[in-house]
Amino acid sequence: MTPMNAVAQIDRSAEWSHVALILPETLSIDEWVSIGTQLRSVERSVMWWIGDWLCFGENRYGVTYEDIAAESGYRRQTLMDAKWVAERYPISLRRAALSFAHHKNAAALPVLERADVLQAAIDNGW
């Protein structure tokens, strides 16, 4: 499975906004559970998406996180962290089984040591 296949889509019968998720009365328990799983996937992915968005903006347009912080509504430190971690991990080295925080904690290590620490986190359930 490629990373692109792992991206969740919330059930099309649901309506959502910045402050609400409205689910249809006809939703089955299985569909409801699936939506919860998808929401968790989105939550775990957002910092990666922000980091990749920032890397793209800088590479393509020369826009840095400092340039976009006020306009985006994110704190400068949040953007800085997201970009730094995304730069340190090509998509092929990111571990879906681990959180963004796991990756952030190991990001300052040399590449081979970083990979070993992430694998140990998976193996030991850290």
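Which residues does H103 touch, not counting residues up to four places away in sequence? In this predicted model, H103 touches W48, V85, Y89, L93, R94, R95, L98 and L118, where contact means heavy atoms within 4.5 Å.

Residues are numbered from 1 along each chain as its sequence is written, and side-chain values use heavy atoms, with hydrogens and water left out. Local features need pLDDT of at least 70 and side-chain atom pairs count only at pLDDT 80 or more, while totals for chains, interfaces and linings use all residues.

H103 is placed in helix α4; helices are DSSP runs of H or I with at least four residues, numbered from the N terminus. At 0% relative accessibility, H103 counts as buried (buried is under 20% relative accessible area, exposed over 50%, partly exposed in between, with a 1.4 Å probe and protein chains only). A polar atom of the H103 side chain lies 2.8 Å from the backbone oxygen of S99.

A107 sits in the loop between α4 and α5 (111-124) and is likewise buried, at 0% relative accessibility. Leaving out residues up to four places away in sequence, A107 touches W84, R88, Y89 and R114. From A107 to A86 the C-alpha to C-alpha separation is 9.3 Å in space, against 21 residues in sequence.

**Salt bridges**

The structure holds 6 salt bridges, each defined as a side-chain nitrogen of Lys or Arg within 4 Å of a carboxyl oxygen of Asp or Glu. Three of them are tabulated here.

| Pair | N to O distance |
|---|---|
| R94 and D52 | 2.7 Å |
| E58 and K83 | 3.2 Å |
| R76 and E66 | 2.9 Å |

R94 forms a salt bridge with D52. Because R94 lies in the loop between α3 (76-88) and α4 (100-106) and D52 in helix α1 (residues 29-61), this pair ties together parts that are 42 residues apart in sequence. R94 is buried, with a relative accessible area of 17%, whereas D52 is partly exposed at 28% relative accessibility.

E58 and K83 also meet through their side chains in a salt bridge. E58 lies in helix α1 and K83 in helix α3, so the pair ties together parts that are 25 residues apart in sequence. E58 is partly exposed at 30% relative accessibility, while K83 is buried at 7%. A network of salt bridges links E58, K83 and E87.

For the salt bridge of R76 with E66, R76 lies in helix α3 and E66 in helix α2 (residues 65-72), so this pair ties together parts that are 10 residues apart in sequence. Both residues are partly exposed: R76 has a relative accessible area of 42%, and E66 has 48% relative accessibility.

**Cavity**

Rolling a probe the size of a water molecule over the atoms shows where empty space is left. On a 1 Å grid over the protein atoms alone, a cavity is a set of points where a 1.4 Å probe fits but cannot get out, and lining residues have an atom within 4 Å of a point. Grid points are joined across faces, edges and corners, and a volume is the space filled by probe spheres set on the points.

By this rule, there is 1 cavity of 30 Å³ or more. The largest cavity has a volume of about 60 Å³ and is lined by Y89, L93, R95, V111, R114, A115 and L118. By class, this lining has 5 nonpolar, no polar and 2 charged residues (Ala, Val, Leu, Ile, Met, Phe, Trp, Tyr, Cys and Pro count as nonpolar, Asp, Glu, Lys and Arg as charged, and the others, Gly among them, as polar).

Key: Helices (H or I, at least four residues) and strands (E, at least two) are DSSP runs, numbered from the N terminus. A polar contact is a pair of N or O atoms within 3.5 Å; within protein, one must be able to donate a hydrogen and the other to accept it, and residues adjacent in sequence count only if both atoms are side-chain atoms. On a 1 Å grid over the protein atoms alone, a cavity is a set of points where a 1.4 Å probe fits but cannot get out, and a pocket is an open set with protein on both sides within 12 Å along at least five of seven lines; lining residues have an atom within 4 Å of a point.
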